[in-house]
Amino acid sequence: MASNPEQPVNVQQSLTRSDAVARTVGEATVANPVMSARGVNVFYGDKHAIRDVTLDVAHNEVVSMIGPSGCGKSTFLRCLNRLNDTIESARVTGLITLDGQDVYDRRQDVVQLRARVGMVFQKPNPFPKSIYENVAYGPRIHGLAADRSELDEIVQTSLQRAGLWDEVKDRLSQPGTALSGGQQQRLCIARTIAVSPEVILMDEPCSALDPIATARIEDLIDELRQNYAICIVTHSMQQAARVSQRTAYFHLGDLIEVGPTDLIFTNPRHKLTEDYITGRFG
Ligand SMILES: Nc1ncnc2c1ncn2[C@@H]1O[C@H](COP(=O)(O)OP(=O)(O)O)[C@@H](O)[C@H]1O
Ligand SMILES: [Mg+2]
C-alpha cells in the first residue's frame, strides 16, 4: 500500500480512499453469522458517514469497534437495530440481516427488532421507575410473562445475569436512578437481557464509569458472550483487547481492517490500523 507518513493527511486520504481503503483487510465475514452487514452505507443528508461496510457478527463472540472519534462506529452500530431510523436526515443502504432476515424489510416490526438486538448506551439511562419496573417493562410490553410470578422470575434472572441481583434484591422498589453509575449500567444491561435478545449492542458502555465499575462490566461482557453476540464500541484499545475476540478498525467512514483481536493489536496488516494502535493517529 502506498502510504507515506510524511505526506499531509488529506493527500494520503485522497490516495488511499480509491485503492487500499476501498477494500477491508481481513476476514469480515463468518460462516454462520447472527448478524450480517453487507455493503452498508449511511448518509446524513449529503454527508457520507460510512462507506460500503461489510461485517458479520457470530454467535458467542464479542466484536469490538475501534477508531478515531467521528469515524462512524456509532453510526454503524445504530444501523444494526435501526436506531438510525430515528434520525431524520439518516439514510441507510446495503443489506443487514438478523438470522438471515433483512432487518430493513418493511414487514419488520422495529420494536420487536430492538428487543432482539438490544442497545446499551454510553450514559446509563434507567427509566425514572423502580429497579423492578426497569427490568419488567420490556417483558410486559412484549407479553413475555403469563403472570406476576413469571415476571418476577424474568426480573430476577435478568438481574442475576447482569451481576446486579445481590446488590438490589432487597430494594427492588427503589428508583433505578438512585443506584451508582456502574449499577445503573448493569441495570440497563439487565433491562436489555430481560427481553431475550440475540445481539447486544454497546456504545462505549464504560466511558462514564470509574475503573472498578468498568472492570465489573468487562467481566460481565465476557460472561454474557455465552448467551449473546455482542458488538461493543470502545475508545479504549485496552478494553477492546480485554473483552473482544474480533476487532474492527474504522477510519473516516471506512472499515479498514477486521481480525482476531490479538492479531489486530500485535500484527495489524493495514498501515492505518498500525498508526492508530501505536498512537500515531487519533
Ligand atoms: N445525527 C447526525 N447528523 C449528522 N451527522 C451525524 C450525525 N451523527 C453522526 N454524524 C456524523 O457522522 C460521522 C460519524 O459519526 P459517529 O458515528 O458518531 O462516529 P463515532 O461514533 O465513530 O465517533 C461524523 O462525521 C459525525 O459528525
Ligand atoms: Mg460514537
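## Exercises on a predicted model

Helix α2 contributes the most to the shell around ligand 1, with three residues. The model is predicted.

**Exercise 1.** Describe the shell around ligand 1 by its residues, elements and classes.

*Solution.* 
1. Start with the count: 13 residues surround ligand 1.
2. Pick out the closest: Y44, A49, K73, S74 and T75.
3. Turn to the elements. Both β2 (47–58) and α2 (73–80) supply at least two residues of this shell. The top contributor is α2, with three.
4. Sort by class. The shell around ligand 1 holds seven polar, four nonpolar and two charged residues.

**Exercise 2.** Work out how helices α4 and α7 are oriented to each other, and which residues make the contact.

*Solution.* 
1. Locate the helices: α4 covers residues 131–141 and α7 covers residues 181–193.
2. Take the geometry. The two pack at an angle of about 30 degrees, and their axes lie 7 Å apart.
3. Apply the cut-off. Angles under 35 degrees count as roughly parallel, so α4 and α7 are roughly parallel to each other.
4. Assign the hand: α4 passes α7 in a right-handed crossing.
5. List the contact. From α4 come I131, N134, V135 and G138; from α7 come L187, A190 and R191.
6. Class these residues: four are nonpolar, two polar and one charged.

**Exercise 3.** Where does pLDDT stay under 50, and how should such a stretch be read?

*Solution.* 
1. Begin with the whole chain. Mean pLDDT is 92, and 92% of residues reach 70 or more.
2. Find the exception to read with care: pLDDT stays under 50 over residues 1–20.
3. Check the contacts. For residues 1–20 the model has ten contacts beyond four places in sequence.

Conventions. Residues are numbered from 1 along each chain as its sequence is written. Chains are lettered from A and ligands numbered from 1 in the order in which they are written. This is a predicted model: local features need pLDDT of at least 70, side-chain atom pairs count only at pLDDT 80 or more; totals for chains, interfaces and linings use all residues. Axes are lines fitted to C-alpha atoms, for helices over the stretch in contact, and angles run from 0 to 180 degrees between N-to-C directions. Helices (H or I, at least four residues) and strands (E, at least two) are DSSP runs, numbered from the N terminus. Angles under 35 degrees count as roughly parallel, over 145 as roughly antiparallel, 65 to 115 as roughly perpendicular and the rest as oblique. A crossing is left-handed if the near helix is turned anticlockwise from the far one by less than a right angle, and right-handed if clockwise. Two residues are in contact if their C-beta atoms, placed from the backbone, lie within 7 Å. Ala, Val, Leu, Ile, Met, Phe, Trp, Tyr, Cys and Pro count as nonpolar, Asp, Glu, Lys and Arg as charged, and the others, Gly among them, as polar. A residue is near a molecule or strand if its C-beta atom, placed from the backbone, lies within 6 Å of it. pLDDT is the predictor's confidence in each residue, from 0 to 100.
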